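Me: Hey, I've got a new structure open and could use a quick tour. Can you walk me through it?

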Amino acid sequence: KHVRIKETFLTKRNEKDNVDSPSIWNHSASENWIVSTAKETDVLLVNDAATGEFVKRIGQSGKKPGEFKRPNGVVVIDDLALVVERDNHRVQVLQLPDFKPLGMIGEDKLKRPYGLSVFATAPNAYELYVTDNYETADEEVPPASELGKRVHHYQFSVKNGKVEYTLAGMFGDTAGAGVLKTVESIYADPMNHTLLISDEHDSQHNLKVYTLEGKFTGKIIGDKLFNEEPEGIALYAAEDSTGYWLATDQSDTANTFHIFDRKTFKHLGAFSGEVTANT
């Protein structure tokens, strides 16, 4: 079943910034923000999460702390905002509400990072997964044998106002159905020990299910269901491990949000907005 839903609000139309990923910070009962990345202008945008009203712009183009170069993915956890910068080859960690830079993750390993997912295992102890869509010299997808580092897994904490991290591993199948050809969005579900990774390659257009340790489970979601790129992933999570996955089928003309069962991955339906497109 496919239904059309009217948007609760629309932020002011903005084409110059090339806005990409959003994440919500629940600061207080009266102050909640949407933090989103502006890929073209190298800043973060902050909007009110209840009304969509513009709040402020954060940062500028550059390599210094607090500056960005092609920020793509963003995720907020506790009072931290983590931003993937594709062209600075790093994840920058900032402290909210002031967006104070706390440090970088992965500068020595990441080549062309895009998406990220994070969860806490204890107070001030975090697991971070970052997709790396590295290419050949002529900007093509490398052969499968070279795709074993499509996802980087880090563990980090904040001590004395600085980020400390270790690289827990890098993974991605190099043969068979679990090969990750063109990666961007990723989402970890620690309660069910699963990791969903979107594959946007023209021959794939699906979501692959890995374990948190980086092993392909053999499960593929949405195969032959996505007409365009499976661009974004979100999780509506209940405390008893049930809930729903939402995944975007990105299109300028027929943008669709698919809904899957959190545990079985059964397709439960889809919806579109009245004007929302190219998400």
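Predicted model: local features only at pLDDT ≥ 70, side-chain atom pairs only at ≥ 80, totals over all residues.

Me: How many helices and strands does the protein have?

Reply: There are zero helices and 21 strands.

Me: And how does its radius of gyration sit with a compact globule?

Reply: It agrees: a compact globule with 279 residues would come out near 19 Å, and the protein has 18 Å. The C-alpha trace spans about 45 × 45 × 45 Å along the principal axes.

Me: What share of the residues is buried?

Reply: Of the 279 residues, 49% count as buried.

Me: Ok, on to the inside. Which residues have the most contacts within the largest nonpolar core?

Reply: Those are Leu80, Leu82, Val91, Leu128 and Phe156, in a core of 19 residues. Strands that each give at least two residues to this core include β7 (80-85), β11 (125-132) and β12 (151-159). There's also a second, separate core of 14 residues, with Ile58, Ala81, Leu94 and Phe99 among them.

Me: Back to Phe156, what is it in contact with, leaving aside neighbours within four places in sequence?

Reply: Its partners include Leu80, Leu82, Ile105, Val118, Leu128 and Tyr165.

Technical notes:
Residues numbered from 1 in each chain as written. Heavy atoms only, no water. Core = buried A, V, L, I, M, F, W, Y, C linked by side-chain atoms within 4.5 Å. Buried < 20%, exposed > 50% of the residue type's maximum accessible area, 1.4 Å probe, protein only. Helix = DSSP H or I, 4+ residues; strand = E, 2+ residues; numbered from the N terminus. Contact = heavy atoms within 4.5 Å. Rg over C-alpha atoms; globule rule 2.2 N^0.38 Å.
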